[in-house]
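Please open the model in a viewer and keep the sequence panel at hand.

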Amino acid sequence: MATIPSEVRLTELSHGAGCACKIGAADLRPILAELPVASDPRLLVGAENCDDAAVYRLRADLAVVQSVDFFTPIVDDPYDFGRIAATNALSDLYAMGAQPVLALNLVAFSLERLPGSTLAEILRGGADVVAAAGAIIGGGHSIDDHEPKYGLAVTGTVDPSAMLTNAGGRPGDELFLTKPIGGGLVTTAAKRGLASEETIAAAIEVMTTLNAQAAAAALAAGASAATDVTGFGLLGHLHELCAASGCAAEVEANAVTAISGAEDLAGNERCVAGGSRRNAADAASFTTFADGVSPARRVLVSDAMTSGGLLVAVPGERAALAPGVRIGRLVEGDPGGIRVTPA
C-alpha cells in the first residue's frame, strides 16, 4: 500500500478546474454531427440543439428529464468540491424547468493517493446539495483514477407543456442572467495562489447556490427559452440558445454581473483558464465586439464558468417578472450570431 500524504491539495491533482476541463465546443461539434439522430417521438428533447438535458415523454402530462455532469476538482476543500459538482449537475434539470427526483454518484478516485476520508467528504457535500434540492441519491459508480473526478447523473420530472428548452427564444425577447460570472477566473487564480480568500469564498457561494428559485421565477415569468451558463461561457451558451431559436442576440457587456473580485483578475493572463481561451477563440467565429467593450469584459463573457446561473429569454411584455439581471435581447439576424456592446 502506498503512503498517502497527510496534506494534498485536490487542485494539484487536476489538469483543469471544474467545467474548464470540458472538451471545447468547437472540437465537439464535428464529432457530435456524425452521430445518428434519434427519431422516437417520445424523445421530446435530444442532442440536436445542444440543450441541457434529454426529455422523454412517459405520458401526456409527464416526462422524465435526464442529464449527467462531472469534472475535476475546482477547489481544495473536498466538501465544497462535492457541493459545487452536485449543484452544477442539478442545474441542467432546472434549466429545463424540471424538478429533481433522483441522482447517482459518479466517482473517479485513487485511494492510493488520497485518504478515504477525502472521498467521504466529497460524497457528503454532494448528498447535502441533492437533499436540499428535494431529491435523493440512489447509488452510483466508481473507478480508480489518479486524477479525481466527481459528479452526478440526475433525473427529474416535468410536465411537457411547461418545460423550458433553449429553442423557444424569439426576436424581441429580453435576456436575463441569474448569477454573476467569473468563476473560471477566480478558481484558476486560486489554484495559482493569486486570489484572495474573500474572492474565493464569493465564488464558492455562487457555485453552491441552486438554480431552483431562478427556474421557478423563469417559469412564472413565462420564459420562452433557458439554458445554464457553465463551461462554454456566457457567449458560448447564448450562441447555442440563439442557434436553436433561429435568431441572434445583442449583449450589453457592462450589464453582466461578475463575482466580486473576478473582473480585477481578468487582466492577469495567469488567471485565464485554458477552457476560457478555447471559448474566446470559438466565440470569435460568431461574435462581434463594438468599440468600448473593455478587455476585462471581453474575457469575462467567455469565462469558463462552473455552476453558473440561468440565462433566460423572456417576452418583452413579461420582462418585469423575470429573474436576475437584464443583459441584452434577442434580435433578428444570422442564427447564433452575437453582438456585444458596452451598454
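**First sheet**

Select Val 45 and Val 55: the bridge partner of Val 45 in strand E2 is Val 55. Strands (E, at least two residues) and helices (H or I, at least four residues) are DSSP runs, numbered from the N terminus. The model is a predicted one, in which local features need pLDDT of at least 70 and side-chain atom pairs count only at pLDDT 80 or more, while totals for chains, interfaces and linings use all residues. Residues are numbered from 1 along each chain as its sequence is written, and side-chain values use heavy atoms, with hydrogens and water left out.

Two strands are said to pair if DSSP finds at least two bridges between them. E2 and E3 form a hairpin, with two residues between them. Within this pair, Tyr 56 stands opposite Val 64 in E3.

Now display the whole sheet. It is open and has six strands in the order E1-E2-E3-E6-E4-E5, with mixed pairing. At its edges are strand E1 (43-45) and strand E5 (136-144), each of which pairs on one side only. From one strand to the next, the twist averages 25 degrees. Here and below, angles run from 0 to 180 degrees between N-to-C directions, and axes are lines fitted to C-alpha atoms, for helices over the stretch in contact.

Contact means heavy atoms within 4.5 Å. Helix H3 (residues 116-132) also packs on the sheet, touching E4, E5 and E6; the direction of H3 makes about 170 degrees with that of E4.

Show H2 and H3 together. Their axes come within 7 Å and cross at roughly 40 degrees; H2 and H3 are therefore oblique to each other. Angles under 35 degrees count as roughly parallel, over 145 as roughly antiparallel, 65 to 115 as roughly perpendicular and the rest as oblique. The crossing of H2 and H3 is right-handed. A crossing is right-handed if the near helix is turned clockwise from the far one by less than a right angle, and left-handed if anticlockwise.

Which residues make the contact of H2 with H3? From H2, select Pro 78, Tyr 79, Phe 81, Gly 82, Arg 83, Ala 86, Thr 87 and Leu 90. The H3 side includes Thr 118, Glu 121, Ile 122, Arg 124 and Asp 128. By class, this contact has eight nonpolar, five polar and four charged residues. Ala, Val, Leu, Ile, Met, Phe, Trp, Tyr, Cys and Pro count as nonpolar, Asp, Glu, Lys and Arg as charged, and the others, Gly among them, as polar.

Move on to helix H4 (residues 183-191) and helix H5 (residues 197-207), whose axes come within 10 Å and cross at roughly 135 degrees. H4 is therefore oblique to H5, and passes H5 in a left-handed crossing. Select Val 186, Thr 187 and Ala 190 of H4 with Thr 199, Ile 200, Ala 203 and Met 207 of H5, which make the contact. These residues divide into five nonpolar, two polar and no charged.

Display the open sheet of seven strands, in the order E8-E11-E7-E12-E9-E13-E10 and with mixed pairing. Strand E8 (225-228) and strand E10 (287-289) stand at the edges with a single partner strand each, so one side of each is left without a neighbour in the sheet. The twist averages 20 degrees from one strand to the next.

Select strand E9 (residues 248-252) and strand E13 (residues 338-341), which pair in the parallel sense over four bridges. In E13, Ile 338 is the bridge partner of Ala 249, and Thr 341 is that of Glu 252. E10 and E13 also pair in the parallel sense, over three bridges, and Thr 287 stands opposite Ile 338 in E13.

**Confidence**

Finally, colour the model by pLDDT, the predictor's confidence in each residue, from 0 to 100. The protein averages a pLDDT of 94, and 97% of the residues score at least 70. Over residues 1-6 the pLDDT is below 50, and this stretch has eight contacts in the model beyond near neighbours in sequence. Where pLDDT is low, the predicted coordinates should not be read in detail.
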